[in-house]
Amino acid sequence: MLHVRNLSLAFGGPSLFDGASFEVRPGERVCLVGRNGAGKSSLLKVLAGAIEPDKGEVYVPAGTHVAMLEQEATIELTGTVREVMDSALDTDKLEQWECEARVDRLLGDMQLDGEVDFDSLSAGMKRRVLLGRCLATEPGVLLLDEPTNHLDVEAIAWMETFLPRFRGALLFITHDRAFLQNVATRILDLERGVLISWDCDYHTYLERKEAWLKAEARQRAEFDKKLAKEEVWIRRGVEARRTRNEGRVRALFKLRDEHRGRRDRQGSVNLALEEAERSGLKVISTENVSFRYGDEPIIEDFSTLIRRGDKVGIVGSNGAGKSTLVRLLLGKLTPKSGSVKLGSNLEVAYFDQLREALDPEMRVVDAIAGGRDEVSINGARRHVMGYLGDFLFSPDRARSQVKVLSGGERNRLLLARLFTKPFNLLVMDEPTNDLDLETLELLEERLLEYSGTLLLVSHDRAFLDNVVTELFVLDGSGSVQQIVGGYTDYLATRKKQIAAAPAAPASPPSTPTKGKTAKPRKLLNRERWEWEALPAEIEKLETEQAEVAELLGDPATYQDTEKLIKAQNHLDDLDAKLLKKYERWEELDALKTSLGE
């Protein structure tokens, strides 16, 4: 579906990619990885036809449409959800009924209300509509740049089940490691202008990439040793001329050219957290805290104690009240009832999801030092350019304005500024957005070493698992569930709760017919047997679903078209069966509870 040959692109400096060649077959889901600034988004824009390459060609079969969901929406869209999705269709080529049928099918598949105004939606729901807008054109090639940005965990999980059903070629960029592992069938690694294909999952890629880098380091060490030896020989001069070994001289010049053209790996970000004096043992305590916007409950009857050194993750769907809870915990909002007490000697640092703390017109260097030449880091004075170099900002980039930075660079700048201040309570709102995978892992390490207290709002499941010790889960009704551990522990807890049949609201009793005494309704034996059997049936279907998903994750499956279509149809059938089983279980569970059984 997509053939790329000898593609090269540079913007005045070193090539972002040079001589890149690869193919993507129907049904493949390929993830493009690489450091911030490596050229991943630029490559996707070349494939979409938005940027002309310096040389090379991109070929797609005749009649194949390429659609791209960019990292940030670049066009203004207004109207209802249906109108936004419909606006992508070519009415000159399609009949009105065809347009309506396509949009109706996608609205159902993507669980969207077509009559809702697009502007009223959350950032996450807008992202889902924009994906639907791409799919409405029925592309043979789908390009996604950070598709999970601004999505809550449930929406990401939905996308993980939705994308494997796309039958064209999928090429995407993501920083979400769990999403990458669950969706990608192959990985393309863009580093130092070279594109390498790794035909494996993410965890295997990490192991193979580490071995590859070690082999490269050994090879370069041997090369440098040989070059040094030849340089010593040529400097003897007289011996070189006497022996007239012109072949050896030419070989030396070739070694020099190769060394000059060699591109070293971009260094790792040097994250150093400046911790303030220790806070008191009790950092934040709440007792029966409630908060509402009008009549809408946001937080209801919430009590907790956060101690020094706790690392608390806060998760929930978009609009569930995560930011409100953070502001309550920090004393920025006054609860309608209950109390919030902050501990002693608190120094708070806040990482803002929307980067509102950065003035887009300000120079990068001034955003850190405010016009000064030095910053204080852990009590030591450092030149601001050297400090920015720790966060991979070159001198030229440090003098540029904030507005020209990429999303990943803005995140690094915000981290750089945040870590110039001493703190013992760190609040981070979606810190993983746009960070490359290596910086993300380094941030994890620093947060694990950090001895202060952390409040972390995130949709990154791997990040939550690796960093937090406790989760606050908001369900949108005002309830806040407290779970010990990370996101995987929360899923295990939720599975146990479903298996234990949690109580549902009781249905109102029916009114007996006049003159008759109503007999209390009992659960029929067949209904009871069905209710007891459903969890095992659901588990069996989920296991079968995982097996089919694994089959679709095997590149060999895509060599056999009949086998591929059969597997995809089987997965669709399993999805439909599972939905019916879930609905029936909830129906019987509600009935059982209403009857007091």
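This is a predicted model: local features need pLDDT of at least 70, side-chain atom pairs count only at pLDDT 80 or more; totals for chains, interfaces and linings use all residues.
Lysine 209 forms a salt bridge with aspartate 189, and the closest N and O atoms of the two are 2.5 Å apart. Side chains of opposite charge can pair when their charged atoms come close.

Two further pairs can be set beside this one. The side chains of glutamate 537 and lysine 581 meet in a salt bridge with an N to O distance of 2.8 Å, and here too the pair links distant parts of the chain, with glutamate 537 in helix H18 (residues 525–552) and lysine 581 in helix H19 (residues 561–594), 44 residues apart. Glutamate 537 counts as partly exposed because its relative accessibility is 32%, a value between the limits of 20% and 50%. Lysine 581 is likewise partly exposed, with a relative accessible area of 27%. The other pair consists of aspartate 396 and arginine 399, whose side chains meet in a salt bridge at 4.0 Å from N to O. Aspartate 396 has a relative accessible area of 64% and is therefore exposed, the limit for that class being over 50%, whereas arginine 399, at 45% relative accessibility, counts as partly exposed. Salt bridges also join into a network that links Arg25, Glu28 and Arg186.

From the charged pairs we can turn to the positions that a database record marks out. The UniProt annotation "binding site", taken from an unreviewed entry, covers Gly34, Arg35, Asn36, Gly37, Ala38, Gly39, Lys40 and Ser41. Within this stretch, glycine 39 is found in the loop between strand E3 (29–33) and helix H1 (40–48), and serine 41 lies in helix H1. Are these two residues buried or exposed? Glycine 39 is buried, because its relative accessible area of 8% falls under the 20% limit, while serine 41, with a relative accessible area of 24%, is partly exposed. When residues up to four places away in sequence are not counted, glycine 39 touches Leu16, Phe17 and Leu190, and serine 41, counted in the same way, touches Gln71, Asp145 and Ile173.

Further along the chain, the strands come together in sheets. Strands of a sheet pair through backbone hydrogen bonds, either parallel or antiparallel. Strand E10 (residues 282–293) pairs with strand E11 (residues 296–307) over 8 bridges in the antiparallel sense, and serine 285 has leucine 305 in E11 as its bridge partner. These two strands, E10 and E11, form a hairpin with 2 residues between them, and glycine 294 in the turn has a positive phi of about 65°. With E13, E10 pairs over 5 bridges, again in the antiparallel sense, and glutamate 287 stands opposite serine 339 in E13.

A second open sheet is built from 6 strands in the order E14-E17-E18-E12-E19-E20, and its pairing is mixed. Its edge strands are strand E14 (348–351) and strand E20 (480–484), each of which pairs on one side only, and the twist averages 15° from one strand to the next. Inside the order, strand E12 (residues 311–316) and strand E19 (residues 470–474) run parallel and are joined by 5 bridges, with valine 315 standing opposite valine 473 in E19. Which helices lie across strands of this sheet? Helix H14 (residues 407–418) lies across E14 and strand E17 (425–429), and runs at about 175° to E14. Helix H17 (residues 487–499), for its part, lies across E19 and E20, and runs at about 115° to E20.

Notes
Residues are numbered from 1 along each chain as its sequence is written. Side-chain values use heavy atoms; hydrogens and water are left out. Two strands pair if DSSP finds at least two bridges between them. Helices (H or I, at least four residues) and strands (E, at least two) are DSSP runs, numbered from the N terminus. Axes are lines fitted to C-alpha atoms, for helices over the stretch in contact, and angles run from 0 to 180 degrees between N-to-C directions. Contact means heavy atoms within 4.5 Å. UniProt positions are given in the numbering used here, feature names are shortened, and annotations may be inferred rather than shown by experiment. Buried means under 20% relative accessible area, exposed over 50%, partly exposed in between (1.4 Å probe, protein chains only).
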